[in-house]
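Please look through the sequence and the model below before reading on.

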Amino acid sequence: MIERYTLPEMGRVFSDAHKYELWCRVETLVLEAHAVAGTVPTDVVEPVRKAPPPTPERVAEIEAVTQHDVIAFLTAWADNTEPRDAAKWVHFGMTSSDLLDTALAAQLVEATDILLAKADDLVAVLRDHALEHQATLRVGRTHGIHGEPDVWGHRVADFAFAMARSRDRLHRAREAVGVMAISGPVGTYSNIDPRIEGYVAEKLGLRPAEVSTQVVIRDGISEWVGALAIMATVCEAIALEVRHGQRTEVRELWEPFGKGQKGSSAMPHKKNPILSERICGMARIVRGQIVPVMEGIPLWHERDISHSSTERIALPDAAVATDYLLHLTTRLMRGLVVDGERMRANLDSTHGLIYSSTVVSELIETGMSREDVYALVQAAAMRTWENGTAFRETLREEAGARGVELDEARLDEVCRPERFVRRLSGVFDRLKSLS
């Protein structure tokens, strides 16, 4: 992921320097376990432990010759080891994937913990915003067209629960991705005792794979990327709602707009929803990693490396982009401006058409058939659409033409926006307990 969208904490997790720190950690733990088992001399552990990780520049220099990243790393690290002879026991009985998959699992768990903390924060921001606006009336829209009265808090509550589910889904994916293996060539433990694997797993807080064939099969990593993609898409859903709400014709919502901020190089009046548009664009990047990563599940026989080049791009990009999306969506919701007066004006802008469903129910209760009621109410509604006459007036005229008597007092009671949201208390009660 480019620097523009990489936040420091997540950027460090996927830096080459940190990757080599993890590689050193894994190799040192394996060496410790060998020493305890008596497989290698005990006096080699401390020199290896004290050897500083090699620099990315040095590893790259050696890899330019060897064309093998793990060998380059081991050579560069051996050069940092005193005495250098101790380094000959590093990687004993292992194959490259033992190191790579185990360190990758630790790296993805680290990244996940950063994301989970930010998801917790966003859930809380969404919850509090929804509770603040549980009585802020607005019109609910279906197909982009006014439907019935609603409250803004109801819409945001939906986002809050969706983000909470996304967070919980990522918690589960953390378990799926925190899987390691140190089982040697083709995964048969031919040159390494399975107890070495168990020791390293315990020290790293990971879980040994039930079975590995030199590589850990990529269904768990695919699950993890899928969880990130869903989380990113929930962020997009929030942003899309703000984009619609900020349109000039709507003007119900506004992104935070800082002092000195400019909306257009040509039109000084512009206040564009740039945060929301960026969120929608970045979500595409995360979703775009699903298929390439899933295609790493089927490999040739016990192992090939067709997944490797894909994952070097896809996994950091998915994590870094999701991290940025959570940060940006939280910023958006914390600074969101809600224009309650404009919401009410828009609610009333169709001259009462939003009460048509209630009118249908009321007239059916008088004994009319649903077909006759629908025809009457639709005829009145179409006249209001066409000429802007108040719906109650066109309804009165259409009813009179059909000899239907309206209970005006009853219609006054049911054609109130508050009536439509009176049963939402349960939603907000559940929302209060969301954490």
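A residue is called buried when its relative accessible area is under 20%, exposed when it is over 50%, and partly exposed in between, with a 1.4 Å probe and protein chains only. By that rule Glu413, at 38% relative accessibility, counts as partly exposed. The model is a predicted one, in which local features need pLDDT of at least 70 and side-chain atom pairs count only at pLDDT 80 or more, while totals for chains, interfaces and linings use all residues. Residues are numbered from 1 along each chain as its sequence is written, and side-chain values use heavy atoms, with hydrogens and water left out.

**Salt bridges**

Side chains of opposite charge can pair when their charged atoms come close. Here a salt bridge is a side-chain nitrogen of Lys or Arg within 4 Å of a carboxyl oxygen of Asp or Glu, and by this rule the count comes to 37 salt bridges.

| Glu46 | Arg49 | 2.4 Å |

Helices and strands are named here from DSSP runs numbered from the N terminus, a helix being H or I over at least four residues and a strand being E over at least two. Glu46 and Arg49 both belong to helix α3 (residues 45-50), where they are three residues apart, about one turn of the helix. Glu46 is partly exposed at 35% relative accessibility, and Arg49 is partly exposed as well, with a relative accessible area of 39%.

Glu393 and Arg396 are separated by about one helical turn because they are three residues apart in helix α16 (residues 391-401). Glu393 counts as partly exposed at 31% relative accessibility, and Arg396 counts as partly exposed at 36%. Both residues also take part in a network of salt bridges that links Arg392, Glu393, Arg396, Glu408 and Asp412. In the remaining pair of the table, Arg416 is partly exposed, with a relative accessible area of 32%.

**Domains and pockets**

An automatic or database domain assignment supplies the domain bounds, and it divides the protein into domain 1 (1-92), domain 2 (94-345) and domain 3 (351-433). The centres of domain 1 and domain 3, taken over C-alpha atoms, are separated by 72 Å.

Rolling a probe the size of a water molecule over the atoms shows where empty space is left. On a 1 Å grid over the protein atoms alone, a cavity is a set of points where a 1.4 Å probe fits but cannot get out, whereas a pocket is an open set with protein on both sides within 12 Å along at least five of seven lines, and lining residues have an atom within 4 Å of a point. Grid points are joined across faces, edges and corners, and a volume is the space filled by probe spheres set on the points.

The largest pocket has a volume of about 680 Å³. Its lining has 27 residues, and those nearest its centre are Lys19, Asp69, Leu100, Ser308 and Arg312. Two or more lining residues come from each of α2 (16-37), α6 (96-132) and α12 (306-335). Domain 1 (1-92) and domain 2 (94-345) each give at least three residues to this lining. For the classes, Ala, Val, Leu, Ile, Met, Phe, Trp, Tyr, Cys and Pro count as nonpolar, Asp, Glu, Lys and Arg as charged, and the others, Gly among them, as polar; the lining of the largest pocket then divides into nine nonpolar, nine polar and nine charged residues.

The second largest pocket has a volume of about 370 Å³. Of the 17 residues that line the second largest pocket, Leu353, Ser356, Ser357, Tyr374 and Ala381 lie nearest its centre. The elements that give two or more residues to this lining are β2 (145-151), α14 (356-364) and α15 (370-387), and the largest share, seven residues, comes from α15. By class, the lining of the second largest pocket has nine nonpolar, six polar and two charged residues, and at least three residues are drawn from each of domain 2 (94-345) and domain 3 (351-433).

**Backbone points**

Most residues other than glycine have a negative phi, and most peptide bonds are trans. Glu82 and Pro83, however, are joined by a cis peptide bond, with omega about -5°, and Pro83 is placed in the loop between α5 (69-79) and α6. His143, which is not a glycine, has a positive phi of about 60°; this residue is in the loop between β1 (137-142) and β2, and at 82% relative accessibility His143 counts as exposed.
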